[in-house]
Amino acid sequence: MRCLQALLQRRLHSSRRTMLPEENVTPICPVESLDALKLAEQCLQLGKVIALPTDTVYGLACDANNEEAIQHMYEIKGRDEHKPVAICVNNIAALRRFGHANHLSDELLTRLLPGPLTIIIERTPQLSNRFLNPSTRKIGIRIPDFKFIRDLCATWHEQPLALTSANRSSAPSSLQVSEFQSLWPQLGAVFNAGRIGLTEERRLASTVIDLVTPGHYEIVRSGVALKETLQVLHEFGYAPKTKI
């Protein structure tokens, strides 16, 4: 229960009126802890931003339909609010709930996901947050091949998590929690899985592919899985989108 006790301690500190600087007591919780998921859910319910591992790099996550949480995520990142962030879901059914994917077959999606890939499609009305990617109707959707974050998505009221890398904008992405320690005081909790990825290549993060146009793709970011992704897309008859 140490992780939950740390969260309660932080609430107590925040409720006291004092002239002394508030102590940084952001919980650092191992993902294998029995109360890790419960702590993560409590943070999301409070509108907090958390840090957690994915199958590529550490990410920042919050409730994708919480307007204040999204704004806080952008503040933590130091990111332009018009630069899109992705969402994370547990399975293909959820991907179809939040993105228009009728033109993508289950067979194709199950070949591509879960894994280090972000698929960009048109968003559905289920994503109601006006501060989530306000400059576009598109949304990037991830199903990471990492148990903790997918378990959290599965238990979080069937809602998506907004997801971006755990670093300040333009800074390198993080393979271990110590690399974004400067962000800890602004987070509800940090969930630690040790170093993720054995090579520096993992910092390239997920491959990002735009699949809005039926039968065509556009590479938005090469990432770590471009070769495998293109192999599957070509097998299903997809061709590069012609730029006008």
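The chat below goes through the nonpolar core, the aromatic pairs and the strands.

Trainee: Which residues have the most contacts inside the largest nonpolar core?
Mentor: Bearing in mind that this is a predicted model, the largest nonpolar core has 69 residues, and Phe-180 and Phe-191 are those with the most contacts inside it.

Trainee: And what is Phe-191 in contact with, leaving aside neighbours within four places in sequence?
Mentor: Its partners include Cys-29, Val-31, Leu-39, Ile-50, Leu-52, Tyr-58, Phe-148 and Val-177.

Trainee: OK, rings next. How many aromatic pairs are there?
Mentor: The count comes to two aromatic pairs. Tyr-58 and Phe-180 make a tilted one, with 5.9 Å centre to centre and 50 degrees between the planes; Tyr-58 belongs to strand 3, whereas Phe-180 sits in the loop between strand 8 and strand 9, 122 residues apart.

Trainee: Are those two buried or exposed?
Mentor: Tyr-58 and Phe-180 are both buried. The other pair, Phe-148 with Phe-191, is tilted as well, at 5.3 Å centre to centre and 35 degrees between the planes, and because Phe-148 lies in helix 6 and Phe-191 in strand 9, it ties together parts that are 43 residues apart in sequence. Phe-148 and Phe-191 are also buried.

Trainee: Switching topic, which way do the residues of strand 2 point?
Mentor: Ile-50 and Leu-52 point one way and Ala-51 and Pro-53 the other, with all of them buried.

Trainee: In what sense does strand 2 pair with strand 3, and with strand 9?
Mentor: With strand 3 the pairing is antiparallel over four bridges, Pro-53 standing opposite Tyr-58, and a hairpin through four residues joins the two strands. With strand 9 the pairing is parallel over two bridges, and there Ile-50 stands opposite Ala-189.

Note on methods. Residues are numbered from 1 along each chain as its sequence is written. This is a predicted model: local features need pLDDT of at least 70, side-chain atom pairs count only at pLDDT 80 or more; totals for chains, interfaces and linings use all residues. Side-chain values use heavy atoms; hydrogens and water are left out. A nonpolar core is a set of buried Ala, Val, Leu, Ile, Met, Phe, Trp, Tyr and Cys residues joined through side-chain atoms within 4.5 Å. Buried means under 20% relative accessible area, exposed over 50%, partly exposed in between (1.4 Å probe, protein chains only). Contact means heavy atoms within 4.5 Å. Rings of Phe, Tyr and Trp (its six-membered ring) pair if their centres lie within 6.5 Å; planes under 30 degrees apart count as stacked, over 60 as edge-to-face and the rest as tilted. Two strands pair if DSSP finds at least two bridges between them.
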